[in-house]
Amino acid sequence: MAPTESERRRALAICTLAFGMCFAVWVIFSIVGLDIQRELQLSETAFGVLVATPVLTGSLGRVLLGIWAERYGARRIMTLLMLLVAGCTFLLPHVRSFAAILAIGLGIGLAGGGFTVGVVYVSRWYPKERAGTALGLFGVGNSGASVTSFFAPMLTAAIGWQSAANVYGVSLLVMGVLFFLVAQEDPLTRAQQAGVRQGPTLAQQLAPLRNLQVWRFSTYYTLMFGGFVALASWLPRYYMGAHGLDVRTAGMLTASFALPAAVFRALGGVLSDRYGARAIMYVSFLVSLACLFLLSYPNTQYTVEGIHGPIRFAIAPGVTERAIVLGVLGFMMSLGGAAVFKHVPTYYPMHVGAVGGLVGMIGGLGGFFMPIAFGVLNDLIGIWTSCFMLLFAVAAVGLVWMHVSIRRMERRHFPAIRGETDLPEIMTAAAQTPDGPGRTR
């Protein structure tokens, strides 16, 4: 029996709330890490490693968590995940060495895997024609990053970073219990438990990962999600170092980036359902490139030899201008992230856990490596805007690969059509060929 609309809304609401809490904990080092950096006298590179460490396990664990969610039920896996991460968060204030903090950070990082578990859970409640909107609304849980950016500085200033970590641990523990009590088993899991439907084998779950298409989606997500995570973790340090702001102001400005990137992800899902994911991806990439070009340009003093002597001027946008551009960038990343995940339940409805896990893992790994790279670039070349230069290169690679791949598919399946062909039509035709959609390059 198909679920009712009220059941769908209940499932979407509780899962989005749980994911938001997981995401808030996942990026906690972006704020408490500033105090840890001062206490341990860490370099910029070491700070990059610190804020990136939770992203590593949150990324690598996504494929496995997605498979477990498909096999054992997303409700069960999400509950256990939150309880485990809450325990790690409680341990954080009791360690002092850098190595021990990194080890605890690996455990806290599992919270990032809540995204893939949630994608499995939500997608099983909604038909594929509504999947983009539903997953876009679920993606609003990314706003957990802005919650941490806004409230964590006030918590650390008022009660210290150790007590702030305990507050996060209690919140996640309560959320885990609430999710278990309120969330219902998804329809597919209920059918599997009742013996009406047989669960997929591990080989069947992993089979789509051989498709190049899946890895291409992962590359797009490296910018749209990995770049978002990296900036949400790095921007407090950037604002404090480049513009001399205090931690509270830096946190609020970071929230002004993270909040649009989360709230408008729902809009990205709606637009992807209405206009096609391909069109939204093009807009997201092109506008992101423009924003990153502006952000990459360091404050520069120029001297031009004029007719009547040297003419001096500067290109030096202030913190307000850069924050506005970052807000636009966050908005574009939210649209692009929703567009990427519109594809997963549409083309792999029976493999959402494995495919969504891989796409999320690769994107999340971008969020792991990029903060480290930001710190290395700061230490090596000493330019605060070097982080945006790196993201510009990532965006350029993603746009070129997407465009070349789409044009090849158009020439293969629609050789007589010279105009634009929407992505779902291309992939429908590709799915009818013997080698399937994933073989198309």
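The model is predicted. The chain holds 18 helices and two strands. Of its 441 residues, 58% are buried. Contacts between residues at least 6 apart in sequence were also counted: 80% of them join residues at least 24 apart.

**Helix pair H1 and H8**

- Two packed helices are described by the angle between their axes and the distance between the axes.
- Helix H1 spans residues 5-26, and helix H8 spans residues 144-182.
- Their axes lie 8 Å apart, at an angle of about 145°.
- The crossing of H1 past H8 is left-handed.
- On the H1 side, the contact is made by Arg10, Ile14, Cys15, Leu17, Ala18, Gly20, Met21, Cys22, Phe23, Ala24 and Val25.
- On the H8 side, the contact is made by Gly144, Ala145, Thr148, Tyr168, Ser171, Leu172, Met175, Leu178, Phe179 and Val182.
- By class, the residues of this contact are 16 nonpolar, four polar and one charged.

- Alanine 18 sits in helix H1.
- Alanine 18 has 0% relative accessibility; the cut-off for buried is under 20%, so alanine 18 counts as buried.
- Beyond residues up to four places away in sequence, alanine 18 touches Met82, Met175 and Phe179.
- Alanine 18 and phenylalanine 179 are 161 residues apart along the chain, yet their C-alpha atoms are separated by 6.9 Å.
- Met175 and Phe179 are also among the H8 residues that make the contact with H1.

**Second largest pocket**

- The volume of the second largest pocket is about 210 Å³.
- Its lining has 14 residues.
- Nearest the centre of this pocket lie Met21, Ala24, Val147, Tyr168 and Ser171.
- H1 and H8 each supply at least two residues of the lining.
- H8 gives the most, with nine residues.
- The lining divides into ten nonpolar and four polar residues, with no charged ones.
- Met21 and Ala24 of H1, with Tyr168 and Ser171 of H8, also belong to the contact of the two helices.

- Helix H6 covers residues 114-123, and ten of its ten residues are buried.
- These buried residues are Gly114, Phe115, Thr116, Val117, Gly118, Val119, Val120, Tyr121, Val122 and Ser123.
- In helix H5, residues 98-108, the buried residues include Ile101, Leu102, Ile104, Gly105, Gly107 and Ile108.
- An α-helix has 3.6 residues a turn, so residues three or four places apart point the same way.
- Cover for the buried residues of H5 includes H1, helix H2 (29-40), helix H3 (44-72) and helix H4 (74-91).

**Glutamine 41, a loop residue**

- Glutamine 41 lies in the loop between H2 and H3.
- Most residues other than glycine have a negative phi, and most peptide bonds are trans.
- Glutamine 41 is not a glycine, but its phi is positive, at about 55°.
- Glutamine 41 has 68% relative accessibility; exposed means over 50%, so glutamine 41 counts as exposed.

**Glycine 132 in H7**

- Glycine 132 is placed in helix H7, residues 131-138.
- Its relative accessibility is 2%, and glycine 132 counts as buried.
- Glycine 132 touches Gly269, Asp273 and Lys342, leaving out residues up to four places away in sequence.
- Glycine 132 and leucine 271 are 139 residues apart in sequence and 8.3 Å apart in space, C-alpha to C-alpha.

**Leucine 259 in H12**

- Leucine 259 is placed in helix H12, residues 247-263.
- Leucine 259 is partly exposed, at 40% relative accessible area.
- Leaving out residues up to four places away in sequence, leucine 259 touches Ser143 and Ser146.

**Valine 325 in H15**

- Valine 325 belongs to helix H15, residues 319-347.
- At 18% relative accessibility, valine 325 falls under the 20% cut-off, so valine 325 counts as buried.
- Valine 325 is in contact with Cys291 and Leu295, its neighbours within four places in sequence set aside.
- The C-alpha atoms of valine 325 and leucine 294 are separated by 7.9 Å, and the two residues are 31 apart along the chain.

Definitions and conventions:
Residues are numbered from 1 along each chain as its sequence is written. This is a predicted model: local features need pLDDT of at least 70, side-chain atom pairs count only at pLDDT 80 or more; totals for chains, interfaces and linings use all residues. Side-chain values use heavy atoms; hydrogens and water are left out. Axes are lines fitted to C-alpha atoms, for helices over the stretch in contact, and angles run from 0 to 180 degrees between N-to-C directions. Helices (H or I, at least four residues) and strands (E, at least two) are DSSP runs, numbered from the N terminus. A crossing is left-handed if the near helix is turned anticlockwise from the far one by less than a right angle, and right-handed if clockwise. Contact means heavy atoms within 4.5 Å. Ala, Val, Leu, Ile, Met, Phe, Trp, Tyr, Cys and Pro count as nonpolar, Asp, Glu, Lys and Arg as charged, and the others, Gly among them, as polar. On a 1 Å grid over the protein atoms alone, a cavity is a set of points where a 1.4 Å probe fits but cannot get out, and a pocket is an open set with protein on both sides within 12 Å along at least five of seven lines; lining residues have an atom within 4 Å of a point. Grid points are joined across faces, edges and corners, and a volume is the space filled by probe spheres set on the points. Buried means under 20% relative accessible area, exposed over 50%, partly exposed in between (1.4 Å probe, protein chains only).
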